[in-house]
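Me: Please take a close look at one ligand site here and tell me what lines it. Then carry on to whatever else is worth a look, and keep the cut-offs handy as you go.

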Amino acid sequence: MSKNTITLIIDGTKVTVEEGTSILDAAKKVDIEIPTLCHHEDLCVAGNCRVCVVEEKGKNNLTASCAAPATEGMDILTSSPKVRRARKDIMALLVSEHNTQCTTCYRNTNCELQTLASDYNVDNDIYLSVLKNNTTIDKSSWSIEKDDSKCIRCQRCVRTCAEIQHVNALAVTHKGHEMKISTFMDFPMNEIVCTNCGQCIIHCPTAALTERRYYDDIWEAIDDPTKHVVVNTAPSVRVALGEMFDYEPGKIVTGKMVTALKKMGFDSVLDTDFSADLTIIEEANELLVRLKKAFVDKEEVALPMITSCSPGWVKFIEHMYPEHLGHLSTCKSPQQMFGSMVKTYYAEKKGIDPKDIVCVAGMPCAAKKYEANRPEMRDSGFQDIDAGLTTRELGHMIKQAGIKFQELPEENFDKIMGESSGAAVVFGATGGVMEAALRTAYAVITGRPVPFDNLNITPVRGMESIKEITIKFEDCVPEYSFLEGIEAKFGIAHGLTNARAIMDQIVEGKSPYVFIEIMACPGGCIGGGGQPIPTTDEIRKKRIEAIYAEDMGKPIRMSHENPEIKEIYESFLKVPLGEKSHHLLHTKYRKRKRY
Amino acid sequence: MTTHINKLGYIFSKDCECDDILKNTLAKTKDEVVSELIKSGLRGRGGAGFPIGLKWKFTASQPEEVKYIICNADEGEPGTFKDREILTQVPKKVLRGMALCAYVTGAKKGFIYLRGEYKYLVPHLQKNIDEFHEDMKKFNIDLNVEIFLGSGAYVCGEETALIESMEGKRGEPRNKPPYPNQFGYLGKPTVVNNVETLASTMIVFRLGADVYNNLGTKDQQGSKLFSISGDSPKEGVHEIELGMSVADFVNEFGDGDTKAVQVGGVSGFCVPRKNFNKEIIGEGNTTGGSTMIFNSSRSMYNVLHNFLDFFAEESCGQCTPCRVGCQQLLKGIEAVKAGEKSPKYLDQLIKLSKTMQITSKCGLGQSVTNSFTSIVNNFREEMIY
Ligand SMILES: Cc1cc2nc3c(=O)[nH]c(=O)nc-3n(C[C@H](O)[C@H](O)[C@H](O)COP(=O)(O)O)c2cc1C
Ligand code: SF4
Ligand code: SF4
Ligand code: SF4
Ligand code: SF4
Ligand code: FES
């Protein structure tokens, strides 16, 4: 332990902690649970809900334990009569301004306010209702629903959007009884800088911020015999969906998930990992073309190239760095590649009219809902992806179908776009796209596998905010001899605050990288805005471990070795970056305003 | 008990003498200045009443190079206009007080956080500041003072909300600790003092710490400005030696029909007629600047309603007990008055105000109980019928 330690007494027990530790965290050390609402371990301290108050002996006023550092000799009571009464009073106040409708609420049974209200049994309705009766739910966004009547004004969303995402789409406005969480000029959610990342949702303790739900539309399609309903699930869903069914975080439930989806009546259960492999082929080739243009043809090309699989990140750069869109890979995200392939290649192979296909994506993401609705995402002649569902929505649907998830047998994905490599699986974790791309790019450039144990490119893994790796290309195949001896630097960032740091380097012309992976959410997609709540660093790490375990369990670990990928190029796409690819798998971006 | 009203004229005495006072004071060591301030008993006049000597001493002891002084001229409390008068009539005293603080703490940058409504004072103040910068050269005081115009919210007078608003953020009070003396403006040690407090340092060093300390009572030393409003023929700002009874105060300033006195402004206590002889202004109650006098034509329900309206509007809204509590108290007394809730509900509301006191983040939410409890307890009938 470092030398600056502090000893205090909490509920009669001596606790020694490092200087600067909050009373709340000190109490955790001796297994004393203090209730919290505005506190979130990902965020800076706010100290505004006041449910975490404790009594410090010798002081009349109570202390907010999340905001107060432990000091030497403090004598703290966390559950004295005074504390309990005050907390119950505060809970009653919160309920009195709340639109309590738990039975019809999306966060029912997964709501921090509800849990505390039930623990403290605020059932005697002592106060008058001060709920504002003029609030309307903002459903303008494809991704985010904002219902102020369920808001407890803890400002977790505001801090999330500012600290983790550096977007500042949400702010506190007005004061006193009018105080609320608002947007720029009170504009609707679809007209502001919001990236739709959904991080505010997974940091919101209540149902004030939720994803827009589409499952009723999906049920309708499933029930319609004229429709062929295809579902594809992203790599991060299979390592998190279990949490919706009381599994410990980090449980891999791929097989059960597939079984459940089949039971629910989807006509075909496919794997987004397939199109992740496809993305890698296109993206790695795009990078190589850019490098060749830069090194051999001495043409002006935008380098570093940056990944484009995270739609929240894409919208972020469109708003914040509209002059630098050339750096984005033109590749669509795996979800959108999947959609355009289903309604062309898959339809052709299956002999189904694409107009009768409904393509659903099960995603760890809120932004993918909006991405599916981008007007340019109709290259198949139809809306490529009809609806994006979050991991949470999938969980709900499985429950609605009366399926006992834990009891299910395990099945495999269906054929045609159901096969994937381990490289596609690691897409879910920060650094994963980079790892997958390097596995393929290195093989293409040198004809050999990447020089890492078991293909595990460990330097790109982990939760560090910005990671980098330098790779030296030696003994290149003739086509790529221009890269001989070159030491190329690759960068990885997750969370938009880190993305901004990377972009600022580019703006200043100081970026040392040739290729950068950026994911909008902390930890990558495993920590996406559509994942089960709570999502904490500990949980992120467990999901990441599961991702790498799934990768190791795959017989094929490199995208270009996926037999279904080989097949699609042979029979349909012909060559990477070819005419068909260009039309169906690549896209354009637009400049947006900064507010 | 016998007290008397001792009307004084120290604060508004001629401004020109303060360069001499400053000169003499700067001949003392910093430690001497601090201990004389402590000995004088001068406390903050902005509401919280913290001893100024200790505040300066603590800030002086901070190892950081950069420190700030902020003169709090936000004066948002209804019925208060004393700081405005000081800045209008004797701005030199305030600036010299800041100079002394700079001497003691080592701060080189000062701000006057001026209430937005006092914008018209800017030319006048700026002229004084320019002269001040010139004058200080001969004292070797290197303090640059700047005016910062406030945003208009009452809560921005709270020192940490004030600092947040100066930093360009929303004016919400911070968690304390850390206090501004440690972690203030831009994270640097910062002294925040009220206008009157700063001006009063000039009185302390004019009279000497002992003489100043002999003014007032054992709890509250010195003299102080009172902004008197309400049913008084003598509405306005008066400097009075601390320690008078409410009875004497009412004799001097009332209209002969005084039923209650609100001591210490909206955040203070309401003293009913039956207690006029028992209560000393400044003992056991706060010494915020405003004193409101109500005669028997006033409905105390309306008085309380106005106060609660004010709090429900002016709470910054961040913390639960204050944001929701203020609304509940307001709606609650309305419901009792309308007969929708039984009079017993008033007791529930008093309990609630106590919860607000012990759990709110800043002085605003913590002090609502003062006026609420004293008015409801003393004028319960008026709340119900
Ligand atoms: C809601 C609220 C409003 C306040 N408004 C003012 C104000 O307008 N002027 C002021 O000097 N102090 C105000 N204060 C007190 C300040 O927080 C702070 O204690 C004071 O400026 C310190 O100076 P002093 O020690 O000289 O009194 C306010 C406090 C609260 C809680
Ligand atoms: S947000 Fe929570 S407390 Fe509110 S209605 Fe929904 S489940 Fe109930
Ligand atoms: S929207 Fe959610 S996170 Fe934001 S303040 Fe309201 S309850 Fe808190
Ligand atoms: S979805 Fe993301 S960008 Fe939009 S408000 Fe929430 S945190 Fe901010
Ligand atoms: S007590 Fe009131 S004014 Fe103070 S921080 Fe809390 S809500 Fe804001
Ligand atoms: S959890 Fe500590 S004040 Fe909200």
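**Around ligand 1**

Reply: β4(B) makes the largest contribution to the shell around ligand 1, with three residues. Strands here are DSSP runs of E with at least two residues, helices are runs of H or I with at least four, and both are numbered from the N terminus. Before going on, some ground rules: this is a predicted model, where local features need pLDDT of at least 70, side-chain atom pairs count only at pLDDT 80 or more, and totals for chains, interfaces and linings use all residues. Residues are numbered from 1 along each chain as its sequence is written, chains are lettered from A and ligands numbered from 1 in the order in which they are written, and side-chain values use heavy atoms, with hydrogens and water left out.

Back to the site. Ligand 1 has 19 residues around it, with B:Gly46, B:Asn72, B:Asn193, B:Asn194 and B:Thr197 the closest; a residue gets in if one of its heavy atoms lies within 4 Å. Sorted by class, that shell holds nine polar, six charged and four nonpolar residues. The sorting puts Ala, Val, Leu, Ile, Met, Phe, Trp, Tyr, Cys and Pro in the nonpolar class, Asp, Glu, Lys and Arg in the charged one, and the others, Gly among them, in the polar one.

Now for the polar contacts, meaning pairs of N or O atoms within 3.5 Å (within protein, one must be able to donate a hydrogen and the other to accept it, and residues adjacent in sequence count only if both atoms are side-chain atoms). A polar backbone atom of B:Gly46 sits 2.7 Å from an oxygen atom of ligand 1. B:Lys55 uses its side chain, with an N or O atom 2.9 Å from a ligand 1 oxygen, while B:Glu159 puts a backbone N or O atom 2.9 Å from an oxygen of ligand 1. Taken alone, ligand 1 would expose 610 Å², and the protein buries 90% of that; these areas come from the Shrake-Rupley method with a 1.4 Å probe, and for residues only the protein chains shown count as cover. As for elements, β4 (190-194) and α14 (363-378) of chain B are the ones that give two or more residues to the shell.

On to two other ligands. Ligand 5 is surrounded by 13 residues, the closest being B:Cys316, B:Cys319, B:Cys322, B:Cys362 and B:Gly365. Its shell splits into seven nonpolar, five polar and one charged residue. Over in chain A, the residues around ligand 4 include A:Cys161, A:Cys194, A:Cys197 and A:Cys200, and that shell has eight nonpolar, three polar and no charged residues.

The two chains also meet: 36 residues of chain A are in contact (heavy atoms within 4.5 Å) with 35 of chain B. About 2,900 Å² is buried between them, 54% of it from carbon and sulfur atoms; buried area is the accessible area (1.4 Å probe) that two parts lose on being put together, summed over both. There are two salt bridges between the chains, each a side-chain nitrogen of Lys or Arg within 4 Å of a carboxyl oxygen of Asp or Glu. One of them pairs A:Lys175 with B:Glu314, with 3.2 Å between the closest N and O atoms. On the chain A side, α2 (81-96) and β7 (171-173) each supply at least two of the residues touching chain B, and α2(A) gives the most, with seven.

The peptide bond joining A:Leu303 and A:Pro304 is cis, with omega about -5°, and A:Pro304 lies in the loop between α8 (272-295) and β12 (305-306). A:Ile533 to A:Pro534 is cis too, omega near 5°.
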